[in-house]
Amino acid sequence: MDTALQERLHLALLAQRRAFEAERMPTYEVRRDRLERLLKMTRQHGDALAAAMAQDFGHRARQESLLADVFTVESGARHAIKHLRGWMKARRVATPLHFPPEHKARVQVIVANVVSAFSQRVEAATWMSPATKTMALAKLRSLYFGVGYPERWQDHSSLVVDPADALGNLRRIAQRNYGQAVARLGQPADSAEWCIAPQWPGAVLMFHQNAYNFAAALLQAPKFDPLASDAANYGAIGAIVGHELSHFVDTLGADYDASGNKVRWWTAADLAGYEAATAPLVRQYSNYSIPSGEHLDGKLMLVENVADLAGLGAAYDAYRRALGDQIDKESVRRQDREFFLGYARAWRSRYTEDGLRKQAATDHAPERFRIATVARWSPTVWE
Ligand SMILES: [Zn+2]
């Protein structure tokens, strides 16, 4: 970290210390320890801290943004602490630079095609009652699937940012967020309102506004690779789109209607049909074990495993339809291969023994099982 940056962080911490003291925090020791921890953390992770502060103000300090190269130590910290407002503006400028409109458009086409293929699969499902199907299709039709960054950016012009008042900045931001939340009361839900920053490598599913956000930082190889073929991208990001669509109409989404109201729309008969149809998948996952001997819980992770299968199936349908009337068998076979390799690559992962044991106990199976199972259930993979 350069000296100018250190100086700025030091000033910010001094301002914070003054604010703490003015507030008469419990004891001097508590204040000192807290400040020392903060100072140590700032020295070690100045860039991450600054980015985290600017993004969501502290509570996600473990910032591992895949877009770290966009906001380097220097510019990240400078923008965050000295020019918070400028940084927010920079985010709008930087995001389209690193996730250009062509990429957004390409992923949006994949999303639209996978939604359409998924809807056809819902129409063909034999275990779902007609009324339930109608709701499932309505949810898929009205779903907002955000790609990369919002269509409408938030206006931060009224936010007062003072480089010498780090704590005050946090307070004003918290106040502003609170004010916005209160103003939303009684208003119709805005499904196109984003709940994740574009530079955060993640995605959010929001049943209450029937919406999904894919942040730009997630839409990089291996999830979406602008240099890869369409086939590979349908296998990678397309299958993830399909997985998420599944949640809107499965046992998780069954409690929210197409407008995001908390209404149960699955019937008891739908649930019974679903359980009967998915029993083999429960058994299959429960048979898997990790090297340390523990078995997976097929029932606990069922909804995720169904989403994997349904998602990859819909992505495959969409990809094949996008091929149009290509009749060259060898070319189709090659693209099929790219599709499945794209899927496997998107989920590649490494675990320590302990990490694997922890993952195996959650509702998301370790990726190696997810990749192998979907391949086993998709006959085309063997062709
Ligand atoms: Zn899931």
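Me: Let's start with N210: is this residue buried or exposed?
Reply: Keep in mind that this is a predicted model. N210 sits in the loop between β2 (203-206) and β3. The cut-off for burial is 20 or more other C-beta atoms within 10 Å. N210 has 25 of them within that distance, so this residue counts as buried.

Me: And what is phi of N210 near?
Reply: N210 isn't a glycine, yet its phi is positive. The value is near 45°.

Me: Which peptide bond is cis, and what is its omega near?
Reply: Look at the loop between β3 and α8, where P222 lies. The cis bond runs from A221 to P222, with omega near 10°.

Me: How do α5 and α10 cross, and at roughly what angle?
Reply: Helix α5 covers residues 101-124 and helix α10 covers residues 302-322, and their axes come within 8 Å. The crossing is right-handed. As for the angle, the axes cross at roughly 115°.

Me: What do the residues of that contact divide into?
Reply: On the α5 side you'll find N113, V114, A117, F118 and R121. They meet a set in α10 that includes A310, G313, A314, A315 and D317. Sorted by type, the residues of the contact of α5 with α10 come out as two polar, three charged and eight nonpolar.

Me: Which residues of the largest nonpolar core touch the most other members?
Reply: That core holds 60 residues. Elements that each supply at least two of its residues include α5, α10, β1 (144-148) and β3 (211-215), along with α8 (230-249). In soluble globular proteins, nonpolar side chains tend to be buried together. Here, the members touching the most others are V114 and A315.

Me: Why does V332 count as partly exposed?
Reply: V332 is in helix α11. V332 has 15, so the label is partly exposed.

Me: How far apart in space are V332 and R320?
Reply: In sequence the two are twelve residues apart. Beyond four places in sequence, V332 is in contact with L323 and Q326. C-alpha to C-alpha, V332 and R320 are apart by 8.7 Å.

Me: Which residues does D257 touch, not counting those up to four places away in sequence?
Reply: D257 is in the loop between α8 and α9 (268-287). With 18 C-beta neighbours inside 10 Å, D257 counts as partly exposed. A138 is 119 residues away from D257 in sequence, but 8.7 Å away in space, C-alpha to C-alpha. The residues D257 touches are M135, V263 and W265.

Key
Residues numbered from 1 in each chain as written. Predicted model: local features only at pLDDT ≥ 70, side-chain atom pairs only at ≥ 80, totals over all residues. Axes fitted to C-alpha atoms, helices over the stretch in contact; angles between N-to-C directions. Helix = DSSP H or I, 4+ residues; strand = E, 2+ residues; numbered from the N terminus. Left-handed = near helix turned anticlockwise from the far one by under 90°. Contact = placed C-beta atoms within 7 Å. Nonpolar A, V, L, I, M, F, W, Y, C, P; charged D, E, K, R; others polar. Core = buried A, V, L, I, M, F, W, Y, C linked by C-beta atoms within 7 Å. Buried ≥ 20, exposed ≤ 12 C-beta atoms within 10 Å, placed from the backbone.
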